[in-house]
Amino acid sequence: MKRILIHIVTLVTVVLLAGCEKFLDVPPEKKNNLEIKTAEALDMLLNNYNVIFDRSREVVLAHDNYGIYKDYYLARPSRFDGQLKYILWYTDHCALQTYYWENEFLKIAYANTILATINDVEGTAQAKKVLIQDAHFLRAYEFFTLATLYCLPYSDETKSALGLPLKKTLVYDEDITRKSLEETMNFIEEELNLALETTQPRDINRLWRISLPAVQAFAARFYLYIHDYQKAEYFANEALQAHSSLVDYETYFTPFMRTYSSGGGTYVAPNAPTNYKFDEIYFARVLYNHTQNAVPSEDLLNLYDQANDYRYEAFIVENYSYNRASVPGWPAYWQFGSIGILHGPTTAEMFLVRAECKARRGDLTGAVADLNAVRSHRYKNGTYTDLSTSDFTSNKAAVQFVIDERRREFPFTLRWADIKRINSDPANLVDKITIKREFFESDGLSTDPSINKTYTLPPGDKRYAWPIPSIDIQLSNGQLKQNPYDEQP
Amino acid sequence: MEKKLTLSANLKKTIKLLVAMKIICLFCTLQVFAVSTYSQSQKITIHMENTTVEDIFNRIEDETDYFFFYRSIDLDKIGEVNADFTEKPVSEVLDALLKDTDLSYKVVDKYIAIASSDKLRREPDMSFFTRESSNQEKLVRGLIRDEENKPMPGVTVMVKGTYRGVVSDVDGRYEISVTPQDVLIFSFLGYNTVEELVGERTSVDVRMEFGVERLEDVIVTGYQTISRERAAGAVSILSAEEIQRRPSTDVASALDGMFTGMRVYGSGGSEALTIRGLGTMTMGIADPLVVVDGFAVEDGLRSINPNDIQSIHVLKDASAASIWGARSSNGVIVITTKRAEKGMNVRVNSFVSLSEKMDLDYVNPIASSTDALRWEKFLWDNDITFPSFSISSNVDGNNNPASLGITLLNLLDLGRITQTEFNQKWSELEQTDYRKNVYDYLLRNPITQNYDVSVNGASENNQYVFNIRYTKDKEDFKPNNSQDILTNFRNIYSITPWMDFNFSIMSRFTKNDNSGASLSDIKSISPYERLVNDDGSYAKMVGAHYQEFIDSVAGVFPKDWNYNLLQEIENREFVSEQNNLRLQTSLTIKIFKSLTYETKFQWEQYKTENSRYYSGESYYVRDQVNKWVDYDEPNREILKLYLPLGGQLNRSYGSVKAYNFGNHLKYNQTFDNHQVTAGLFTEISSRVGESYSAPTVYGYDPDLLTSVVPEVYYPIHSYWGATNYTLGGMQSSMSYTDKRFFSVLGNGAYTWLGKYSATGSFRIDASNIIVKDPKYRYAPFWSVGANWRADRESFIQDIDLISRLNIRFSYGHTGNVVLSTSFVPLITMMGVYPPTGGEYALIDDYGNPTLTWERTKTTNLGFDFALKNPAISGTIELYNKHGIDIVGAIDLPRLTGTSLQEFNTAEILNRGIELNLLYGLPITSNIKWSTRFNFTFNKSKVLSLQRISYDYNGIRSPHFEEGKPVDAVYSYRYLGMNSENVPVLQGIGDETWTFNQVAPPTSDDREYMVYSGSTQPTTLLGWQNVFSLYGFEISAYLTGEFGFIFRMPTFDYPILTNTKTTAALHKDVVDVLNNTATGIPTMPSETETNVSAWGAYAQYLHTTIEDASNIRLREVNLSYNLPTVILAKTGLSNLRVYSQIRNVGLLWAANKSGIDPLYILNSRSSSTAAIPQIRAVPVYTFGVSFEF
């Protein structure tokens, strides 16, 4: 009996040791903290609306469509305290903020996760191919967005200027020195070319994911920024070939118009939910306007046909200051709620890119047709009269008009990049832009309302390249360098 | 005087009745009877005619010291008798009375038992009691001493083979009549039994030695039991007696202050324990491991009945704990449950605890009605509001609530009420005090009732323990209550002499009703708000909407929209039920004399079900029904309802299922001077945790069990046109975790000459962390230790002062595992996002290239000593507990996709001294004082944590920071108000800044904030005193905590927002309003536009930091044990009545504000995490326990 027992003991021990690996291979959780094992899982990562298409925080404060009004400020200084550093371009203080930078690199990390794991996961070759292209597209898009913020405008003179750290893997000790601006742009173009190999058609149900028209539309935006108007027109045209619907704004937004009362007054604004199936979209991206208060400048307000342009009627929310500051009388810009503004490439953008390129090469008829296509969908019903070529005396006037139309159409999303590309345009066709602000003496942190001061950001200013976050420079073991700036007044 | 006597006579009768019922029981269980040699024959004179024997006995009882035991039925048979005795011994009287009956008697001490002769004959040696000594017998005397040569009272001396025996007296002396052939057996609990043949001796002196199993002398690690003199580890021990001296329904509250190195904080079953400081940075793995009867359990100390505990051993160093490997870094608490005693024993324990109503002034330290209204008026008059604040009686999304005060101000401004009406209503509010209503309608005196019955017994090859406890709690908030039934059954069966089968089961059922108010409900009542009107009807309280709006749409919307908290409580039913089950079974086989094999298995299951039912008349449902409609505003018409009108039911479930399977080989052998103990163990365990919350059941009828499926899930619209993606609660949420471990362990101890011991252990743990290569799963843990029994050396034995000296040293590694990181990126599945219709996932973790197990290296030096005179014994421990590879979030450049990533690179050091002293002073045989004093000093320091960015938000609360103690706190340095009446703070260097400016530009906010200290105490004191006075015992428990800080809650300058109350106005507002505040900013000026920022700073000024040191009297217990002589008559072997006051109060606190630092209540944010919300008020307990 005892002998048998000893045998049993031995047997049990051996079985236990052998079965142990299998026993421990069971993952510790379901749902959370999972290892990535399938292509489906990677696909779901790219569906993360919160990270990928809802969390873009590009500049709404630094350009000339944003207005800083002395009286508005005085009525509630605290409302603007955290934003003055951007509005007045105080680079030292801006370097302390990280969210513009980190939200783009977060998307790049998602793309890098796809590329780092795709070879080890289960899935069909076709599914993997689409994911790889999607990841490259994501990287092209995000590095471009970062370049428009943190690098100088792109031109022959700035090619050797500081570009971006090209983070391509998940390895923590990867080289993160900043490459030159030329290398950065070349990398973006390479990624773009890889993405252009996609054959995915535009799918209204998956507008936040890669499709050939989406990549083409982005390519048009990219080439326009680096002044390659031929390619820009080519890709805008390609995108429009695939999809060219425009939404009539009055019809679409009128049912959403609501009256809100707040702070002792009322204001009217569209309460449209962010719509990922909005028909003009090639690639769904929503600007997360975290200040919830894009204050339009006087210049911008004056650009609209305030009586007839529905974009003014709906999106310029008069008296919004009741809500944000309990101060009556100041407007704000909002489109889909107080936070969401469409930001990804749309058909309207492509029409305007093509119009600009056409105008630049003298095809005024083509340019005017594209302009009318967009504008006719923006005016209140029955109030729009078509532009004609005779409205423009020169190519320059037509291009200038397209630039202004872009201001009206995308006042808080594309303007900063537009100013940069115009100021660095070797073609020199349109007037360079200097941003001017009349405000009080301020160092971006504290303000002295007893002293008036004019702030200007002239073309070629080094402050067009935003400072990268100082915390990352600190943590990079000397790899990251800050943009050089002149001594600030 | 006369009356009193009658009363006492009645009482006596009652006792007698009880006694009569118990007498059979007494005779059945009477096996060892302590017999006094004292037996003075008292003489008595009785002249009574035609009386009953019973009356005669009463008379004898009145006139002598004797008490009678009898069954009335026996005496009834005798009928009436005549008694005529003059100066006769009692024995003669009894002989005469019982002469012609079958009854006989027996005198034991002062007690006389009457029963049938048969029954009494079965009892041993009547002759002894009746002093009919046989000729061969002689009187033997002796002295009994212990190891230290001290006389031992109370030792039982039996004649072998009989039930005859005596007990040694106070001086350890005894005398007994025996024959030369008799063998005397000397026994005393915890000591080895001694047998002596009497022979020709007339004096038999013996010396008793501690038994091996004496509690204080063995160390139970859960894997083995080893004698203390051989163990090298730092282990604190608590005995059953000490635990049960402090009546309580949960174990943790009986541990407070009892151990060195252990801190117990929190109360009411949610206590948290730390042993020798915090050793990890990951929440959820910081608790000590709890082991019950050799099995690690997943339920902590919860499902354990304190009355069922035999001993608690706390393993604090590596040598003791490292055999628990990967789960032992935070220390191990080993609980051994009670074993059965011979025969059948029944223990009954019952108590009731009462306490005062919760103290609203403490729990909710808010401003008076007048002060609150003054502040609201100040905000209103100067338009100091949150930017989005608005009051709207229109149908839109902004008809958010406003407090009653603000509502009145608004109505006045709009001209809807006159100044006179306003003044009248305003002063009504000023005179209303919410506390009266809250005390009357929401609160009550909590009561806990506890009943506990335990039966155990043992025969030659079977031992069993059965234990059942019922607890009923009526909680502070009406009608919250809980009921709990906890049962334990354990059985050890010896199948053969070399094989034992062991089985035990714990089951627990708990039901909580939480329908009543909660503290947050109370905090959302304005000080001037009332629950009921003067006529007793429900008052209209502020709900989720502005009252004017509600009034304007009355009758239009389907449901009444008024809110009242009392009505809400009546219309909801929140029930939570727990079902816990634990099975433990093992088979022990003695393969050889020195080799034992054990295989054991444990299954645990802890289930929770929560149910929250809201009737259709609850505000919760009414508000939703009204809100989610298509509303035609111009025509005041509801076009479509989205929600069913009836009740709603939300249910959720959680469960933990765990099993543990182990195989052990144990070796134990003693050769001449060598003693060897060794063991080899393998174990696997799995712990599966699951949770599930079911979709909301709409239109639920609890009586008919019917429900309604809402017509539309997505998208739904509110009355003002807002769109919601889905109907609330339609998605269920689930989670599943499975923690698996595989372990192999070997340990051994070797002792030479009984003086020199060496111990060692080695363990390999593996868990199911996600790795590509399985080798990374395995982690080795080991320990070595040495023990020198110095007192056995002759040169120490020569020192008169020292009776015991033991020097121990140990070093080793213990571990902890974090399963939420991996070398590879980890993701979470999120389900479908309705607006896109796409399933999505997110990245939790980008990979931890340093992944390994957290490891704590502990060095321990211990001294155990005992002095001869005074009889002080104690332990000193010095330790160095160095945690390495601790998982901590470190800063990464944000271009990696994250700013923080968990790496195994942090280090925490805890270093300290522990001193434990015990002293017992027997003043006389019946008066004793014993005391236990614990002192702990622990200094913690985060040695390494690669962080460089410290954000004010993180560092003004307890956090980890390199170079600082665990839970360091920073504050803003407040410099007072400037000339513009704005508070000024210290900036970087010599700079200053004000509340109205943006914080200094830096990514390291430590540059301008000041370090305030740590919220973890460095010094702990525990002091227990027990006085015994005849049967009375008083025990008192003091604890002290020193060397830490807390942040005192204060006024936080709330501005107007759309909430039911204008935030919670802390009572310090009165000082601000009167400009008498010190340490915090004074009244903002009327033009101040940035008051909203003030609150964020004001709560964290350095002036709000206070020294948290305190000394408190935790408990005072008073108990009375009925003397055995009285008990003998009742058939009980033990009867104890006791009372307790728990949370007696603070004796001293370093802060001068009357705040109890352990129970801080903040007006809004609790800056000191993990501190209970409700101050423990004194709890009064009364109970009784008895055994038979």
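In helix H21 of chain B, the buried residues are Val1091(B), Ala1093(B), Trp1094(B), Gly1095(B), Tyr1097(B) and Ala1098(B). The helix spans residues 1091–1098 and is mostly covered, with six of its eight residues buried. The model described here is predicted.

**Helix H21 of chain B**

**Nonpolar cores**
- The largest nonpolar core contains 162 residues.
- Those with the most contacts inside this core are Phe137(A), Phe143(A), Tyr150(A), Leu164(A), Met185(A), Phe222(A) and Met350(A).
- Helix H9 of chain A (residues 125–150) contributes the largest share of this core, 13 residues.
- Beyond its neighbours within four places in sequence, Leu164(A) is in contact with residues including Trp101(A), Phe143(A), Leu146(A), Tyr150(A), Cys151(A) and Thr184(A).
- Another core, of 64 residues, lies apart from the largest one; among its members are Ile406(B), Leu408(B), Phe903(B) and Tyr972(B).

**Glu438(A)**
- Glu438(A) belongs to strand E11 of chain A, which covers residues 435–442.
- Apart from neighbours within four places in sequence, Glu438(A) is in contact with Ile68(A), Lys70(A), Lys453(A) and Thr454(A).
- Ile68(A) is 370 residues from Glu438(A) along the chain, yet their C-alpha atoms are separated by 7.8 Å.
- The side chains of Glu438(A) and Thr454(A) make a polar contact at 2.9 Å.

Definitions and conventions
Residues numbered from 1 in each chain as written. Chains lettered and ligands numbered in written order. Predicted model: local features only at pLDDT ≥ 70, side-chain atom pairs only at ≥ 80, totals over all residues. Heavy atoms only, no water. Helix = DSSP H or I, 4+ residues; strand = E, 2+ residues; numbered from the N terminus. Contact = heavy atoms within 4.5 Å. Polar contact = N/O pair within 3.5 Å; in protein donor to acceptor, adjacent residues only side chain to side chain. Buried < 20%, exposed > 50% of the residue type's maximum accessible area, 1.4 Å probe, protein only. Core = buried A, V, L, I, M, F, W, Y, C linked by side-chain atoms within 4.5 Å.
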